[in-house]
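Biologist: Let's go through this model together. I'll ask, you answer.

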Amino acid sequence: MTPIPAPRITDPKAFGRVAVLMGGTSAEREVSLESGRNVLEALRARGIDAQPVDGIPALLEALLAKRFDRVFNILHGNKGGGEDGTLQGLLEALRVPYTGSGVLGSALGMDKIRTKQVWLSLGLPTPRYARLAPGANVVEAARTLGLPVIVKPSCEGSSVGVSRVFDEAGLAAAVDLAARYPGELLMEQMIVGGEFTVGILGDVALPSIRIVPAGEYYDYHAKYVAEDTQYLCPGLDGEAEAAIRTLALAAFRAAGCTGWGRVDVMRDAAGHNYLLEVNTAPGMTSHSLVPKAAGQVGIGFEELCWRVLETSLPREDATP
């Protein structure tokens with residue numbers, strides 16, 4: 001594993017006044033609020049002048065009033081969240097430094113279909129899929145991919161609107177659920193096997209985590225509510241662990257992502273890895289996975305938040 005470099009900043013005053021952007025109006029609002037509270041507490045504990053801001057309109061007002069010097073973005077989701085490139089474009093226009101990926105990586109990472117198209121063009125493995133345009137023949141799509149399949153919105157996270165479908169009778173309800181959310185729908189070949197995630201911090205892939213839910217599926221409840229989900233870190237050993245980290249980092253870079261994030265991967269019984277998606281503003285709740293992985297390499301939650309805040313610095317340095 002590539003060593004994690006030492007922090008670049010030692011003086012909390014170097015960050016100036018930090019807006020911790022949370023909440024918003026996306027389907028992931030509640031998760032973002034919890035993440036934001038945790039980040040705010042951690043930054044303040046390290047002596048950073050950090051203040052909470054709920055949503056993009058409130059942030060814009062504060063930035064125009066010159067109340068902040070940089071933004072720690074912990075909004076989740078799109079359409080009112082901060083992961084779809086809209087926020088990043090605004091901050092670039094205002095020349096305000098911010099954490100995480102830029103416009104391209106954020107927008108592409110939020111769109112699972114187009115992320116897959118990029119990965120496939122580079123020969124990176126991802127489950128076979130079908131784009132479900134309005135009026136699409138979902139039964140035909142399922143037969144082409146082969147049941148079981150996953151049906152989900154292309155532009156949501158946190159397992160919002162996701163269904164596992166094992167027979168044709170379940171397709172209509174799955175499509176109806178996914179269609180409640182904006183954007184296109186995605187039908188994906190279900191990979192049966194282990195579910196993994198790999199956190200990215202700077203240019204380093206953190207130890208993988210194997211997720212073992214008590215139930216059959218790592219759904220919203222298992223992610224954010226249940227206390228009996230197991231997280232095994234590192235999730236693999238030896239060459240297999242090195243391979244999944246290398247793949248995750250390649251997938252992250254291919255999607256134009258920078259700073260920090262998380263890549264979700266399925267691993268089948270034969271040991272083949274399949275990329276699912278990139279998260280460009282991962283959760284920072286008590287159940288979240290990037291903090292668990294960072295802890296395995298000796299980076300506590302407060303230091304992790306500090307290091308994520310440092311990802312705002314290169315972009316600021318590059319501003320003309």
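Biologist: What do the side chains of aspartate 264 and arginine 262 form?
Modeller: A salt bridge, at 3.1 Å from N to O. The term stands for a side-chain nitrogen of Lys or Arg within 4 Å of a carboxyl oxygen of Asp or Glu. Keep in mind that this is a predicted model: local features need pLDDT of at least 70 and side-chain atom pairs count only at pLDDT 80 or more, while totals for chains, interfaces and linings use all residues. Residues are numbered from 1 along each chain as its sequence is written, and side-chain values use heavy atoms, with hydrogens and water left out.

Biologist: Are aspartate 264 and arginine 262 buried or exposed?
Modeller: Aspartate 264 and arginine 262 are both buried. Buried is under 20% relative accessible area, exposed is over 50%, and partly exposed is in between, with a 1.4 Å probe and protein chains only.

Biologist: How many salt bridges by this rule?
Modeller: The count is 11. One of them joins arginine 245 and glutamate 241, with the closest N and O atoms 2.7 Å apart. That pair sits within helix α9, 4 residues apart, or about one turn of the helix. Arginine 245 and glutamate 241 are both buried. Helices (H or I, at least four residues) and strands (E, at least two) are DSSP runs, numbered from the N terminus.

Biologist: And which residue does glutamate 184 meet in a salt bridge?
Modeller: Arginine 114, at 2.9 Å from N to O. Glutamate 184 is in the loop between α7 (171-178) and β7, and arginine 114 is in helix α5 (residues 112-121), so this pair ties together parts that are 70 residues apart in sequence. Arginine 114 is partly exposed, at 37% relative accessible area.

Biologist: Which residues are linked with them in a network?
Modeller: The network of salt bridges links Asp111, Arg114, Arg131 and Glu184.

Biologist: New topic. What about strand β7?
Modeller: Strand β7 covers residues 185-189 and contains leucine 186. Leucine 186 has a relative accessible area of 0%, which means buried. Its C-alpha atom is 29 Å from that of proline 207, 21 residues apart along the chain.

Biologist: Where is alanine 6, and is it buried or exposed?
Modeller: Alanine 6 is in the segment before β1 (17-22). It counts as exposed, at 60% relative accessibility. Between the C-alpha atoms of alanine 6 and threonine 258 there are 18 Å, and the two are 252 residues apart along the chain.

Biologist: Now the voids. How many cavities of 30 Å³ or more?
Modeller: There are 2. On a 1 Å grid over the protein atoms alone, a cavity is a set of points where a 1.4 Å probe fits but cannot get out; a pocket is an open set with protein on both sides within 12 Å along at least five of seven lines, and lining residues have an atom within 4 Å of a point. The largest cavity has a volume of about 40 Å³. Its lining divides into 2 nonpolar, 8 polar and 1 charged; Trp260 and Glu83 are among the lining residues.

Biologist: What volume does the second largest pocket have?
Modeller: About 430 Å³. It is lined by 21 residues, and those closest to its centre are Leu201, Gly202, Asp203, Gly259 and Thr311. The largest share of that lining, 3 residues, comes from α9.

Biologist: How does the lining of the second largest pocket divide? What counts as nonpolar?
Modeller: It has 10 nonpolar, 5 polar and 6 charged residues. Ala, Val, Leu, Ile, Met, Phe, Trp, Tyr, Cys and Pro count as nonpolar, Asp, Glu, Lys and Arg as charged, and the others, Gly among them, as polar.

Notes:
Grid points are joined across faces, edges and corners, and a volume is the space filled by probe spheres set on the points.
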